[in-house]
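Subject: Structure handover

Hello,

Please find the structure below. My notes on it follow.

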Amino acid sequence: MTTDPADRPGRVLGGSRAAAAIEKARSEGRAALIGYLPGGFPDVQTSIDAGIAMARNGMDLIEIGIPYSDPVMDGQVIQEATVEALANGFTVPRIFDVVEGITRETDAAVLVMTYWNPVMRMGVRAFAERLVAAGGAGLITPDLIPDEAAEWLEISEELGLDRVFLVAPSTSPQRMQNTVDASRGFVYAVSVMGVTGARTSVGAAARAVVDAAHGAGAERVCVGLGVSSSAQVREIGAYADGVIVGTALVAALRDGGVDAVAELARELSTGAAKTPAGGSA
Amino acid sequence: MTDMHQGTGLPGTDAGVADGADAGTAQGIDAGTAEAFLSHDESLRHAPGPYFGAYGGRWMPESLIAALDELQDTFDKAKADPEFTAQVTDLNRNYAGRPSLLTEAQRFAEHCGGVRVFLKREDLNHTGSHKINNVLGQALLAKRMGKTRVIAETGAGQHGVASATAAALLGLECVVYMGAEDTRRQALNVARMQLLGATVVPVTNGSQTLKDAINDALRDWVANVETTHYLLGTAAGAHPFPAMVRYFHEVIGEEAREQILEQTGRLPDAVCACVGGGSNAIGLFHGFLDDRGVALHGFEAGGDGVESGRHAATITLGRPGVLHGARSYLMQDEDGQTMESHSISAGLDYPGVGPEHAHLADIGRANYEPITDAEAMEAFQLLSRTEGIIPAIETAHALAGAMKVGRRLAADLGPEEQPSDRIIIVNLSGRGDKDVATAAGYFDLLPEDSAEQEIAEEGEQL
C-alpha cells in the first residue's frame with residue numbers, strides 16, 4: 001500500500017514535507033505552487049486523478065479539502081462543489097483514500113484542508129494517525145486558531161505532521177507572532193478580508209501580511225484566496241514563498257474535468273497564461 | 001468538587017425566604033441539583049467566558065479574531081461605563097417597555113398540578129419578545145465601535161425584526177440574512193423588516209435554513225468587518241457573544257427574582273424556559289443560578305419526537321462539537337457534519353445550543369428535556385384559552401414543560417403540604433401573533449380555500 005512516511009523523499013527540515021516542497025521550489029528560483037481541490041468532487045476517483053494531474057503539471061503541494069456542511073470561509077464555487085461531493089456520497093474517511101491515491105502515484109506533499117469539527121468528531125489522534133498512514137503531510141485549518149489547538153499541537157508534533165494556520169490582514173502583531181510560532185511547514189497568508197473565490201486582484205494587503213509574517217520569523221509564507229491567474233502567481237511569487245490556487249482549479253474541474261485541471265496547473269506553473277482559465281466565478 | 005455543599009432540606013421546601021432582604025443569602029437546597037455544583041463560596045453568576053467548563057471558546061477564522069477582540073474590549077469597557085449602563089436602562093424602560101410584568105396564571109395553573117404559576121411577560125416588550133433586550137445593547141456597542149452597519153441572521157424573523165428595529169432607532173444600516181425558504185414562508189416578516197428600513201437577503205446556500213443564514217452572515221462579516229457589527233441573535237457563537245448576549249438578557253432574571261419575592265415573599269421552586277440557542281433561558285436562569293433551591297428547566301424542541309430523528313433537542317441527543325465559533329452540544333452525524341433540525345417553531349429550529357447551557361447541563365445545575373410539537377401546541381391552546389394570552393410557539397414549549405414540572409412537584413409533596421405551596425416561573429419569551437396562521441392551520445380553524453389556509457399550509461408565521 002503506502003511506504004512508511006518516514007522513508008518518503010523530502011522528509012527534511014525537521015520532518016516537514018510541506019517545508020521541503022517549498023524549499024525545493026526555492027532552490028529552483030521560484031515560488032512554490034499549491035493547488036486546492038475538494039476531496040470527492042465530483043467523486044473520489046476523479047478527485048484522486050485531478051490531484052495527480054496537479055502534481056504532474058507543476059504543483060509542488062496538493063491541498064485536498066474535506067467537504068463540510070458549514071464552510072464559512074468558502075465562496076460560491078467551492079461551496080457548490082462540496083455540496084455536490086456530499087450529495088454524491090462523500091464521507092470523511094474517504095479523504096484518506098484520496099490522500100493515499102495521490103501520494104501513491106506522486107511525490108507531491110499532500111495537505112488536508114479541513115474545518116475542525118470533522119476532525120474533532122473522529123478524534124484528533126485517530127484522524128492524525130490515519131492521515132500519517134495515508135501519506136498525508138499535515139493539515140490546513142481555516143477555523144482553528146492556535147489558541148484552541150492544544151491537542152492538535154501536541155499530536156502533530158508527536159507524529160511529525162505539518163500544521164498550517166492562517167494569518168489575515170486583520171491579524172495583530174501579537175497574534176502574528178503566536179501564529180507563526182505555532183505553525184509548522186508554512187504560514188497561510190489570507191490575501192484579502194473575505195472568503196475563497198477568484199478575484200482579479202488580491203491587492204496590497206497580501207504583501208503586508210506576508211511581510212508581517214516574515215518579520216515575525218516565518219521562513220515560509222504562502223498566499224491564498226483570490227488567486228486565479230498566472231499573472232497573479234507571478235506577482236505574488238515575487239514576495240511570497242508560495243502561491244495557493246483554489247477556486248479557479250475547482251471551476252476548471254467542474255467545467256472541463258481532469259484535463260482542464262492539468263492544463264490550468266501547467267499554465268499557472270509556467271506563469272505564462274494569457275488569461276485566467278476556469279472562469280472568474 | 002470536594003467541598004460540595006450537602007442538602008439539608010426536603011427537595012424544594014425551604015427554597016423560600018421570608019423577605020427580599022434575606023434572599024441574597026438564602027441557602028435553600030434542592031436535592032435534585034445541589035450535589036452536582038457549587039461549593040458555598042463559588043458563584044455561577046456572571047461567568048465571563050470564553051469558556052464555560054469544556055464549552056465555548058473561539059473556533060473561528062483568524063480573519064474575524066480581531067473583530068471579536070475589539071467587541072470584547074468594547075463590551076468590557078461599556079459594562080464599566082455608567083453612561084452606557086444608563087443608556088441601556090433608559091432604552092429598556094422608555095423604549096422597550098421594561099420592566100416586563102410578572103403575571104400569575106391561575107387558570108392555567110390548574111393544568112400544572114395546581115402549583116402556582118407566574119409568567120414573565122417578555123411578550124409585552126416592544127417587538128413582542130425578549131429579543132429586543134439584546135439588540136438594543138449590541139446596537140449601542142456597534143455605535144461605540146464606530147460601525148455604521150449591522151448584519152443579523154433570522155429564522156422565523158423575530159430577531160431580524162428586532163435587529164431592524166434597533167438599527168432604525170440608532171441610525172444604522174441593517175442587512176438580515178434569512179433562509180430563502182423562510183423568506184417565502186415569512187413574507188410578512190420580510191415586509192416588516194423592509195418597512196423598518198432593513199435589507200433582507202435570501203440565503204440559498206446549504207440547507208437554506210437558520211444555520212446557513214448564520215454562515216452567510218459570517219461570510220459577510222469577514223468581508224466587511226471594518227464597518228460592520230454582526231448582531232448575533234442568541235447566546236451562542238464565539239466569545240464574547242455567549243457571555244455578552246446573556247448580559248443583555250440578565251434583566252429578565254433580575255426582574256423576575258425581585259418580582260416573585262415581592263408578590264409571594266419567597267423564591268420559586270422552579271423556573272422554566274424554552275431553549276433553541278438559549279438566550280431567553282440563560283437570561284432568566286441567570287437570576288437564579290446561585291439560588292440552589294431553585295430548579296432550572298430548559299425545554300428543547302422535540303419536533304415529531306426525539307425517537308423520530310426529526311427534532312432540535314440538541315442537549316438531549318447531541319454530542320459536543322464546534323459550530324459557528326463555539327464548542328457546545330451539536331446535532332451532528334458520525335462524520336461531524338451538522339444535521340438538520342426540525343421543529344414546528346422556527347425559533348427553536350437550530351442544531352446547536354449556547355455553550356453555557358451545555359455546561360449547566362453537564363454539571364447538573366440545569367435540566368433539559370424535549371417537548372414535542374404536539375405537546376407544545378396543546379400548551380399553546382391551553383394558555384390562550386385559560387389566560388387570554390397567545391404565546392409564541394417557541395414559548396409554548398416552556399409552557400408544556402411547566403405543566404410537566406408542576407405535576408411532578410405536586411406529586412412529590414410532603415404530608416402537610418398543598419400544591420399551592422409550590423411556585424414556578426415560566427419565561428413567556430414572546431407573543432404568538434406571528435404564529436396565528438400556523439396555529440390556525442394546526443387546529444384546522446381555517447375555511448377551505450381561504451387565502452389564510454394557503455398561507456398556513458406553507459407554515460407562515462406572521
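Two residues are in contact, or touch, when they have heavy atoms within 4.5 Å. This is a predicted model, in which local features need pLDDT of at least 70 and side-chain atom pairs count only at pLDDT 80 or more, while totals for chains, interfaces and linings use all residues. Residues are numbered from 1 along each chain as its sequence is written, chains are lettered from A and ligands numbered from 1 in the order in which they are written, and side-chain values use heavy atoms, with hydrogens and water left out.

The interface

Between the two chains, 35 residues of chain A are in contact with 34 residues of chain B. About 2900 Å² is buried between chain A and chain B, 49% of it on carbon and sulfur atoms; buried area is the accessible area (1.4 Å probe) that two parts lose on being put together, summed over both. On the chain A side, the most area is lost to chain B by Val72(A), Arg121(A) and Glu148(A), together 23% of what that side buries.

There are three salt bridges between chain A and chain B, a salt bridge being a side-chain nitrogen of Lys or Arg within 4 Å of a carboxyl oxygen of Asp or Glu. Arg58(B) and Asp147(A) form a salt bridge through their side chains, at 3.9 Å from N to O.

Helix H3 (76-87), helix H5 (116-122) and strand E6 (166-167) of chain A each supply at least two residues of the side that touches chain B. H5(A) gives the most to that side, with five residues. Helices (H or I, at least four residues) and strands (E, at least two) are DSSP runs, numbered from the N terminus.

Two residues of chain B

Ser63(B) lies in the loop between strand E2 (55-59) and H2 of chain B. Its relative accessibility is 2%, so Ser63(B) counts as buried (under 20% relative accessible area; exposed is over 50%, partly exposed in between; 1.4 Å probe, protein chains only). Leaving out residues up to four places away in sequence, Ser63(B) touches Met73(A), Ala168(A), Ser170(A), Val190(A), Met193(A) and Val222(B).

Leu71(B) is in helix H2 (residues 65-79) of chain B. Leu71(B) counts as buried because its relative accessibility is 1%. With residues up to four places away in sequence not counted, Leu71(B) touches Leu141(B), Met145(B), His229(B), Pro240(B), Phe241(B) and Met244(B).

Regards
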